[in-house]
Amino acid sequence: MLLIKNGYMIDPKSGREGKLDILTKGDRILRIGKGLESPGGECHVIDAEGLLAAPGLVDVHVHFRDPGFPQKEDIFTGAAAAARGGFTTVVMMANTRPCIDNRKTLAYVLEKGRETGIHVHSCANVTMGMKGGELTPMEELAQCGAAGFTDDGIPLLNEELVRKAMERAAALDMPLSFHEEDPALIENNGINRGKASAYFGIGGSPSEAEIRLVERDLGLALETGANINIQHISARESVELVRRARALGSNIHAEATPHHFTLTEDAAIQYGALAKMNPPLREEEDRLAIIRGLVDGTIDIIATDHAPHTAEEKGKSVTEAPSGIIGLETALALGITQLVEAGYMTMGHLLRLMSTNPANLYHLDAGYLAEGGPADIVLIDTAAEFIPETYASKSVNTPFTGWKLRGRVARTICTGRIVQ
């Protein structure tokens with residue numbers, strides 16, 4: 001048993017908050033209330049005075065690189081990075097090698113996930129080999145434990161295939177997550193076409209590449225009733241398209257990353273390949289539009305797109321280096337610093353974006369604090385400042401190293417056990 005005393009609890013699902021104690025037994029919450037006492041026996045007590053008690057965070061967009069790229073990350077180090085960042089539940093993307101288009105690879109990643117201290121789920125692919133030509137056996141993969149479907153990393157260009165995928169996913173009541181970048185419009189990925197591309201003397205990636213596919217897939221989702229997620233949204237026009245679509249259908253979702261609501265293309269100029277990602281960092285108007293979308297509910301999920309790469313890879317030129325940054329260990333602090341401390345939203349709103357909403361998208365028993373609910377809890381010192389310098393991740397590819405951030409994870413508890 002575990003007793004958390006004297007903390008200030010926020011449950012973003014019910015809106016309940018206040019100075020409350022939490023008693024867990026096994027992997028569930030037994031009681032929530034004031035003045036709870038240890039029942040004796042083997043009960044570990046944590047004094048959470050001055051700390052915020054919140055549901056364990058949920059990230060539905062991580063790359064753990066296993067199988068295929070263990071030098072960048074593996075499922076154990078990815079899970080350790082997640083726990084350090086306050087995440088108790090993650091959903092892996094399926095662009096591993098081999099990719100997760102079959103039951104054998106899916107079983108491999110899920111089995112390894114069960115050996116970590118947190119909940120590791122995984123999507124399966126939408127198309128075989130991520131080649132965009134043939135749908136995977138979605139029904140079979142769903143039965144084998146896939147949390148949803150995505151070819152994240154590679155956009156789906158065949159409109160009729162996307163329609164069929166949506167119809168099958170809708171029948172399964174499972175989400176589809178889309179990477180929206182039309183390669184026909186991109187000369188150099190990872191760098192915005194504008195000031196940044198001009199600085200590097202390259203063609204870059206225009207926002208139109210995202211807008212075109214976002215518009216198509218929102219239309220198809222409204223036709224089919226599919227539950228879809230527009231991943232790592234980057235352009236202000238895309239935000240507006242999602243806003244209009246959400247007014248017409250309840251199954252439309254969108255996610256924003258901490259780097260897209262924090263940085264602009266100026267960071268690509270400053271940090272080079274460390275701030276190269278797909279879709280790229282864009283202009284200040286885009287960043288502010290993303291924040292407005294998070295505030296008004298147009299964008300209902302914050303996800304990290306945790307994308308580890310080796311220092312050698314990221315040390316290449318901006319056109320040769322791979323896109324992506326790590327994010328699990330800085331996401332919460334960036335949310336607190338850039339959104340809560342800046343006055344855009346309350347802490348409860350931020351927690352809803354980082355726990356309740358992503359859990360709901362993937363039908364996960366997570367993202368809330370309630371008696372009988374999962375004993376997945378993060379304790380946060382919201383006032384503490386820290387500077388990211390070392391990481392539990394194998395990789396260090398992030399522009400946020402050395403930044404002063406507010407909001408330090410004090411404890412991460414998953415299934416009633418302290419994992420960080």
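Modeller: Welcome! A definition to begin with: helices and strands here are DSSP runs, numbered from the N terminus, with at least four residues (H or I) for a helix and at least two (E) for a strand. Please keep in mind that this is a predicted model.

Colleague: Thanks! Where does Asp305 lie?

Modeller: Look for strand β15, which covers 301-302, and then for helix α11, which covers 311-314. Asp305 sits in the loop between β15 and α11.

Colleague: Is Asp305 buried or exposed?

Modeller: Buried means under 20% relative accessible area, whereas exposed means over 50%. Asp305 has a relative accessibility of 9%, so Asp305 counts as buried.

Colleague: And what is phi of Asp305?

Modeller: Asp305 is a residue other than glycine, and its phi is positive. The value is near 55 degrees.

Colleague: Let's turn to His363. What is its relative accessible area?

Modeller: You will find His363 in the loop between α13 (347-361) and β16 (377-386), where its phi is positive, near 55 degrees. His363 counts as partly exposed because its relative accessible area is 46%.

Colleague: Which residue does a cis peptide bond join to Asn278?

Modeller: The omega of this bond is about -10 degrees. Joined to Asn278 is Pro279.

Colleague: One last thing: what is omega for the peptide bond from Asp66 to Pro67?

Modeller: Pro67 is in the loop between β8 (57-62) and α1 (75-84). The bond from Asp66 to Pro67 is cis, and its omega is near 10 degrees.

Key. Residues are numbered from 1 along each chain as its sequence is written. This is a predicted model: local features need pLDDT of at least 70, side-chain atom pairs count only at pLDDT 80 or more; totals for chains, interfaces and linings use all residues. Side-chain values use heavy atoms; hydrogens and water are left out. Buried means under 20% relative accessible area, exposed over 50%, partly exposed in between (1.4 Å probe, protein chains only).
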